[in-house]
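Please examine the structure shown below with its ligand in view.

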Amino acid sequence: MRTAKRFSPKEAEEIYLVPYWSGGFFRVGEDGELEVTPLGPKGPAASLLEIVEALRDEGRPLPLVLRFPQILEARVKELNEAFFKAMEKYGYQGTYRGVYPVKVNQRRLVLETVARVGRPYHYGLEAGSKAELALILAQDLSQEALVTINGFKDDDFIRLALTGKKLGRNVVITLEKFAELPRVLRLSRELGVAPSLGIRYKLKAKGAGQWEASGGENAKFGLTTPEIARAVEVLRDQGLLDTLVMVHAHIGSQVTDIRRIKAAVREAAQTYVQLRKLGAPLRYLNLGGGLAVDYDGSKTNFYASANYTLSEYAEDLVYVTKEVVEAHGEPHPILVTESGRAVTAYHQVLVLEVTDVITPPGEERPQAPGEEAHPLVHELWEGLQGLSAKNFREVYHDAFADKETLQTLYDLGLVSLKDRALAEEIFYHTARRVYAIVQGLPYAPDEFEDLEKLLADKLVCNFSIFQSLPDAWAIHQLFPIVPLSRLREPPSRRATLVDISCDSDGRIDRFIDLHDVRAALPVHAIRPGEPYYLGVFLVGAYQDVLGSNHNLFGQVGEAHVEVGEEGFAIQRFVPGETAERVIEKMGFTARELTLGVERLVRQSRLSPAEKGAFLERYARELQGYTYLED
Ligand SMILES: *Cc1c(COP(=O)(O)O)cnc(C)c1O
């Protein structure tokens, strides 16, 4: 029965759009399991289900995150090589010195992998705060790699940066506002080290979509042109013009439209030219972040997508810069970008287990109403009896109106619970039949679009959106979501996802689509006793660090996995936060809490054995995982 119709792996990939968003790192295998190919489509593969099962055998609880350092490695290489290739293609005489902005993901494995793989490319790091700089200064970078300092700065931040320079690191301090200039100059005199300075230029050009406000004249960061002119005068007066080495511009994250990027590059390159004409010996043109990830695979300028590829991005940056500076006879600058999202997004997969299914009513054909039932219930029933492909609109409109009226009458005490229950059964059954009819039509009328959502199952997943997918909640970010197995079976159900937090926002009801946004995800009917896992993909950027402890759900465990010809290896497992750790963040100590419950136990009527057992359970709970464990 189950296998009456089997999908090919290709068909399954089309349903979940895998080839469009996977970056070549994921695919559907012959056995219907989702596979990771960290060395690219031609390299070795491993089934994600097998990895999850191996972790469970080791006693690791879900939810958990899988990290593939090889994917990070591939992304760092792809990024650097895209620029070197573009430079070769256009005969560019400068070079490329990318930096990874650590705010995107500061996890140890991420930072150390990026630093190690980036060494041959002189790939550097970017700090936006004192703590980030403290982290960066201790990393093993190449001598020539840049360490760029962005964000608002106090004296200590600047001292730390200048000390880094004194220690031989290629630190460039970007001025985000004019007032930082006198501060930096004063501290550099104090410390006896000349700074290397960058100026963040407030672009007229804006990105598009979520982070539009990062660019434009109203942006939070950056100097206006009059301020830049003044900064140059101040530096010239003090004989320090040669410390100004970089122009920096950043139009925001996830810039989906390549035309916006080109406009920004043109503007920034022009500023580089103008500053050189004023006598500043600029060497670096830093074009910031913004390189987008195609989360939905649509290759459009939709906010979850990008209408360009990495190589197009690199080529456009190189070409436009070259064109602008050559027109003015200035030398080709060293190009810098600060891509974060595009480097880290792919390497991380969140694995969720479905613990329950909530199905809307009306799956079974309801019973005919008895004589005593309310006349409107009879009317609903007759509508259902007469439903056909010809009259489905009218029947659905009538059924909808009857259901609403019955609900109002119920509120007034004029309809019984039993009648209302039957009415809803009939309404939902009618809606399901109408949905089946609409799906068979070549064109689905708009008014029936909501039916998919109305009739979708709710899969209860053991996780917290606020901890593990904060952007899905805060900014409606879309992430690809795919079952890890059974992909050769046609998915017979449609579902939305709900998390286990006590917050009605803790749900996912928007899914990727090539044309729009899907209201429900195609999934398989859950089989009792058989785990059903969903993978959430492209979650390696920002999600870790923005996650919060809403409802005291903690950071989830993470497994570091490598894949080779002999299969996969779980290199390391970092356990998730215990209840105690999350509680202590709120200012309590485990000791005080334990003393509190001990007092309660002493005063209780529990038997000595019960008292002991309770205190033991309490202690175990504090050491336990914060998610559902059975
Ligand atoms: C956040 C940020 C970045 C990273 O942007 P992505 O879109 O993730 O590449 C780069 N530069 C600056 C100044 C930033 O604030």
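**The ligand and its surroundings**

An oxygen atom of the ligand is 2.7 Å from a polar backbone atom of Gly-340; a polar contact here is a pair of N or O atoms within 3.5 Å, where a pair within protein must also join an atom able to donate a hydrogen to one able to accept it, and residues adjacent in sequence count only if both atoms are side-chain atoms. The model is predicted, so local features need pLDDT of at least 70 and side-chain atom pairs pLDDT 80 or more, whereas totals for chains, interfaces and linings use all residues. Residues are numbered from 1 along each chain as its sequence is written, and side-chain values use heavy atoms, with hydrogens and water left out.

Ser-253 places a polar side-chain atom 2.5 Å from an oxygen atom of the ligand. For Arg-341, a backbone N or O atom lies 2.9 Å from an oxygen atom of the ligand. The protein covers 92% of the 390 Å² of accessible area that the ligand has on its own (Shrake-Rupley method, 1.4 Å probe; for residues, only the protein chains shown count as cover).

There are 16 residues around the ligand, and Lys-103, Ser-253, Glu-338, Gly-340 and Tyr-542 come nearest (a residue is near if one of its heavy atoms lies within 4 Å). By class, this shell has 3 nonpolar, 9 polar and 4 charged residues (Ala, Val, Leu, Ile, Met, Phe, Trp, Tyr, Cys and Pro are nonpolar; Asp, Glu, Lys and Arg are charged; the others, Gly among them, are polar).

The ligand takes up the space of the largest pocket (more than half of its atoms lie within 2 Å of the grid points). A pocket is an open set of points on a 1 Å grid over the protein atoms alone, with protein on both sides within 12 Å along at least five of seven lines; a cavity is a set where a 1.4 Å probe fits but cannot get out, and lining residues have an atom within 4 Å of a point. The volume of the largest pocket is about 740 Å³. Its lining comprises 34 residues, with Lys-103, Ser-214, Phe-221, His-250 and Tyr-542 closest to the centre.

Domain 1 (9-68 + 348-359 + 456-574) and domain 2 (94-339) each supply at least three residues to this lining.

How values were computed:
Grid points are joined across faces, edges and corners, and a volume is the space filled by probe spheres set on the points. Domain bounds come from an automatic or database domain assignment.
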